[in-house]
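User: Could you walk me through this one before I set anything up? I'd like to start with how the pieces are arranged.

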Amino acid sequence: MSEGVDRAMRVLELLAREPAQLGGVAADLGVHKSTALRLLQTLESGGFARRTDGGWTVGLRLIDLAQQALDSLDVRAVARPHLAALGRDCGHTIHLAQLVDDDLVYVDKIEARGQVRMYSRIGRTAPLHASGVGKVVLAYRPQLTRLVEGAALRAYTPATICDPAALRAELAAVAERGWAADDGEFEPLITCVAAPVRHADGSVSAAVSVTAPTVVATLADLRFLLPRLLATTQQISRDLGWSGP
């Protein structure tokens with residue numbers, strides 16, 4: 001690595017921690033103030049550093065690049081080890097669903113232990129109003145309600161919520177408690193609990209669910225797994241750059 005690039009990286013790491021005065025930058029690099037000033041001015045011209053009343057700090061261009069890098073992370077690749085661990089712990093089927101344009105698509109699946117297998121598959125879409133993962137994403141992305149409001153909501157089973165007012169009330173409850181449930185709303189005798197995955201900016205476009213046939217686990221049984229599910233989605237979110245509570 002060239003000396004100039006090394007110095008630039010050290011300056012950016014310094015400014016990322018806290019604003020710094022010219023003298024502090026020079027001391028950290030072990031160079032004369034004039035050398036440090038030229039380096040800072042070069043970084044400033046590229047948008048990677050900027051002057052403020054408190055000294056020098058990181059530039060908006062660096063912040064933008066960092067956000068792009070975080071957004072480009074493959075949710076499936078980041079989530080995979082956490083999904084596998086969740087599956088080992090609970091023994092039920094684990095799904096990861098991600099928003100692709102206006103469709104919510106199952107992008108990963110961990111099979112349940114034992115003889116009972118779910119017929120869900122990677123690449124299949126999940127109904128936004130009639131699945132745990134769908135209700136999670138709708139609850140945290142209100143702009144998507146246009147996809148279900150004003151349209152005839154399909155009744156997949158007698159338990160499907162098809163009344164717009166009832167669906168709005170359900171989504172408000174999901175947003176309040178931080179998780180959703182599907183108790184036979186998409187497929188008869190299939191139940192699940194689901195929780196959101198957040199990106200660095202806090203937005204939600206993916207969700208993880210723990211799913212089981214009711215002959216194996218009822219909704220009440222799955223609710224006991226909520227702390228483990230929520231810990232999993234929070235860790236995935238943190239790996240994606242989210243730093244919220």
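Analyst: Before the layout, one convention: contact here means heavy atoms within 4.5 Å, and axes are lines fitted to C-alpha atoms, with angles taken between N-to-C directions. Please also keep in mind that this is a predicted model.

User: Fine. Which strands does α6 lie across?

Analyst: Helix α6 lies across β3 (93–100), β4, β5, β6, β7 (190–198) and β8 (204–213), and its direction is at about 155° to that of β8. Another helix, α9 (residues 226–239), lies across β7 and β8, running at about 30° to β7.

User: And what order do the strands take in the sheet?

Analyst: The sheet is open and has 6 strands, in the order β5-β4-β3-β8-β7-β6, with antiparallel pairing. The edges are held by β5 (125–126) and β6 (180–183), each of which has a single partner strand, so one side of each is left without a neighbour in the sheet.

User: How many bridges join β4 to β5?

Analyst: Strand β4 (residues 103–110) is joined to β5 by 2 bridges, and the two strands run antiparallel.

User: Is β4 largely enclosed or left open?

Analyst: Of the 8 residues of β4, 7 are buried, so the strand is largely enclosed by the rest of the structure.

User: Switching to helices: at what angle do α6 and α7 pack?

Analyst: Helix α6 (residues 132–140) and helix α7 (residues 164–177) pack at an angle of about 85°, and their axes are 8 Å apart. The two are therefore roughly perpendicular to each other, given that angles of 65 to 115 degrees are counted that way.

User: Which residues make the contact?

Analyst: On the α6 side the contact is made by Lys135, Val136, Leu138, Ala139 and Tyr140, and on the α7 side by Glu170, Leu171, Val174 and Ala175. Sorted by class, the contact has 7 nonpolar and 2 charged residues, with no polar ones.

User: Last topic, since I have to assign the cysteines: how many disulfides are there?

Analyst: The count comes to 0 disulfides, with the rule asking for a pair of cysteine sulfur atoms within 2.5 Å. Cys90 is in no disulfide, and the nearest cysteine sulfur to it, that of Cys192, is 12 Å away. Cys192 is likewise in no disulfide, with the sulfur of Cys90 as its nearest.

User: Are those two buried or exposed?

Analyst: Cys90 is buried, with a relative accessible area of 14%, and Cys192 is buried as well, with a relative accessible area of 6%; the cut-off for buried is under 20%.

Note on methods
Residues numbered from 1 in each chain as written. Predicted model: local features only at pLDDT ≥ 70, side-chain atom pairs only at ≥ 80, totals over all residues. Heavy atoms only, no water. Axes fitted to C-alpha atoms, helices over the stretch in contact; angles between N-to-C directions. Helix = DSSP H or I, 4+ residues; strand = E, 2+ residues; numbered from the N terminus. Parallel < 35°, antiparallel > 145°, perpendicular 65-115°, else oblique. Nonpolar A, V, L, I, M, F, W, Y, C, P; charged D, E, K, R; others polar. Buried < 20%, exposed > 50% of the residue type's maximum accessible area, 1.4 Å probe, protein only. Pairing = 2+ DSSP bridges.
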